[in-house]
Amino acid sequence: MTTAIQQLPPAKPSFAARLQKSLFNSPLDCVISVVCAALLFYLLYQIIDWAFIASIWRAEDVALCKAADGACWSVIDARHRIILFGLFPFEEHWRSTLACIVMVATIVASCFTWFWSATRLGLLWLCGFGVFYILMRGGMFGLTGITPERWGGLALTIFIFASVSLIGMPLSIVLALGRRSKLPVVARLTGLFIDFFRSLPLLTILFAAAVITPFVLPGWLQGDKLYRVIVGFAIFFACYQAENIRAGLQAIPPGQDEAGLTLGLNYWQRVTRIQLPQAFRNSLPSIVNQFVITFKETSIVTIVGFFEILASGHAAYGTGEWTPHYVEVYVFIGLIYFAFVFSLSRYGAYLENRMRVGHG
Amino acid sequence: MSSLLRNRKIREIVLQALLVSIVAVVLIGMVVNTRAALDAQSLTTGFGFLERSTGWDFSFSVLPYSISDSYTKTLTIGILNTLLLGFLGISLATIIGIVIGLIRTSGNYLFSLLGTIYVEVFRNVPLILQAVFWYSVVAHLPRPKSAIEIGDLAFITGRGIYFPVFNIALWSVAMMLVLFIGWLLVLGHFKRTLASGRYHSVRKIGWCLLPLLCLALAWFARIPDTPLLDVPALKGLNFKGGMRMPPELTALVIAIALYGGAYIGEVVRAGLMSVPRGQIEAGFVTGLSPYHIFSRIRLPLAVRAVLPSLTNQYVQLMKATTIGLVVGFSDFFMIVSTSINQSGQTLELLAILMGGFLLINLTIAFVMNAINRRIAIVGYEVKS
């Protein structure tokens, strides 16, 4: 018993003591701390002053913007609908809003462990995505039909992200299993496929999907340019995600699979009951990280000619009186991205921490 | 038949044969379809168009060019532009990354907080958004008439940054570069073959001779009837003389440097943290100063730990340079997409695009892996 107590880690030093050690350990440290504190306060003051105190908020007050030192949020007040919804018909904006809320709720819900089984997650995403698509597309339940060409802004960004995840995730599992397969032909072919797509910049793949597929695929397989680009994006995503899953698969001790074999489980039982659950557990942080990267990369579709949030932001300040206020528009879009990406990456860090504790 | 299928070996062979034939059918189908589509639009295939002159202009080039140049030359310029952008962006990103990595491992809470804020802000916003933001900022800089001056030599304007250059021929610059790299290689050879004392004296002499040699070269190669230093000066509405760094390039370099710096900062931090405490404590015990502990123990070990992930970052950043198109910088991707619009040779040009990036990325990976092998400490494995 006594030995057990002695093995406990030493008590944590008090907060004040840690602060003292971290900030004022030596004269040089004191100077650095003071300078940093001053710099931080200065930055904070400047940002608050620019964004809140000296800023103009209402669209009617745009005339005051010239004289103001701070941000001119009037541009957001006046043009936020373009940034968020693009060319979506004005009176249907509530649908776009609702669709975005549903999709974000789906993404948030899939972060809870209760949903972490293939059936629950699959059902959740199919329902969430289905509701999103019906709300956006319309044409049924008394909603007027709106074709994807008129989708835009944040809703398009979320649509691309969600559909890339929805197509890419199952594909990535197939690719990861294929590359780990004992059949040499299967392993070689999937390996070649993955390495080929991973060696190219995303933009070239999206570009190829937009301009090459009309040549390569027969007419009945082509579909809308938006869908082609999404499929290209999803393949790119799946190739990266497959490598993350493969890393998770390789980290499983071989005894696990052998135990399954001795119990007489067949390949699919071993894959779905033994290998994949553990692989996901092993590589969950890097899988979440891949989603984070993918959300940021959706902004690239603007180059192949889609009106997602970056392009719609560009349009929002592009006219007449708003041109000087590009900073506010970009800050607004940047904050939207930041909110998504930062919370996702924090979630990934939380998972990583939790697993480290779990493994002791 | 069913008994044959129950045999695992046979089943596996059948399965693989099936997969191969499906892949083959899909590929053949694609080729046939492409042929048909090309015939329908009566397009000719082949790389003959590379010899034709382009007849269109683009915004920026590292080499002198004209619109009558061939596609081959234009595409080469595109690759060089991309390489220039990548080189500038990645070098700056590495410097920023090292500084941020050091700040974040400094142990001073407030100091590392500054580093953390930097990393979180620049890593969590898409690169492309940062690029258009910086482009807007750079393009809104003052007009040439009210340029920001730096000691009457360089001028920062909304039309670009103007800075002085030497009036020397291009070939001599290339020769200087060759000289420099050659010298580094020779030095590496001497380090292995010469005794330590002689090596140091040779190194000293070499480093003194090299700048002299470059100066002599510059003197020989200077363009006649011009001053050696070409300083930009305001003439009318714009600057004449000197070199101009266009706002597109400036914005992209800033964006890639800040974005990449955040990622590389994290890599460097991980490397510095991976150095075992015992190594540092051993340094203290032997009485090394904090500076020497850093420069002789922590940094060398950290560099070895991070090189593979740094290589990865470099390749990623090089791929990220393709966003030049959004601000109108004529990088490789933009040149290729303009060529596709102008010549209609979609398939060939896309193959060139993909091949070009494959080549660039493989080169980066090859060089970095060579460095990695070279500096690896035999028998010492750093956990990263």
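Figure 1. Of the contacts in chain A with a separation of 6 or more, 65% are between residues 24 or more positions apart. Buried residues account for 35% of the 360 residues in this chain. The C-alpha trace of chain A extends over about 80 × 75 × 40 Å along its principal axes.

**Figure 2. Helices of chain A and the confidence of their prediction.** Chain A contains 15 helices and zero strands. Its average pLDDT is 82, and 94% of its residues score at least 70. Among the elements of chain A, the highest mean pLDDT, 91, belongs to helix α7 of chain A, which covers residues 153-179. The lowest mean, 54, is found in helix α1 of chain A, formed by residues 2-6.

**Figure 3. The contact between chain A and chain B.** Chain A contributes 41 residues to this contact, and chain B contributes 42 residues. On the side of chain B that touches chain A, the elements giving two or more residues are α2 (8-40), α4 (109-123), α5 (127-139), α11 (332-343) and α12 (346-375) of chain B. The most is given by α2(B), with eleven residues.

**Figure 4. Residue classes on the side of chain B that touches chain A.** This side of chain B, which supplies 42 residues to the contact, comprises 28 nonpolar residues, eleven polar residues and three charged residues.

Notes:
Residues are numbered from 1 along each chain as its sequence is written. Chains are lettered from A and ligands numbered from 1 in the order in which they are written. This is a predicted model: local features need pLDDT of at least 70, side-chain atom pairs count only at pLDDT 80 or more; totals for chains, interfaces and linings use all residues. pLDDT is the predictor's confidence in each residue, from 0 to 100. Helices (H or I, at least four residues) and strands (E, at least two) are DSSP runs, numbered from the N terminus. A residue is buried if 20 or more other C-beta atoms lie within 10 Å of its own, exposed if 12 or fewer, and partly exposed in between; C-beta atoms are placed from the backbone. Two residues are in contact if their C-beta atoms, placed from the backbone, lie within 7 Å. Ala, Val, Leu, Ile, Met, Phe, Trp, Tyr, Cys and Pro count as nonpolar, Asp, Glu, Lys and Arg as charged, and the others, Gly among them, as polar.
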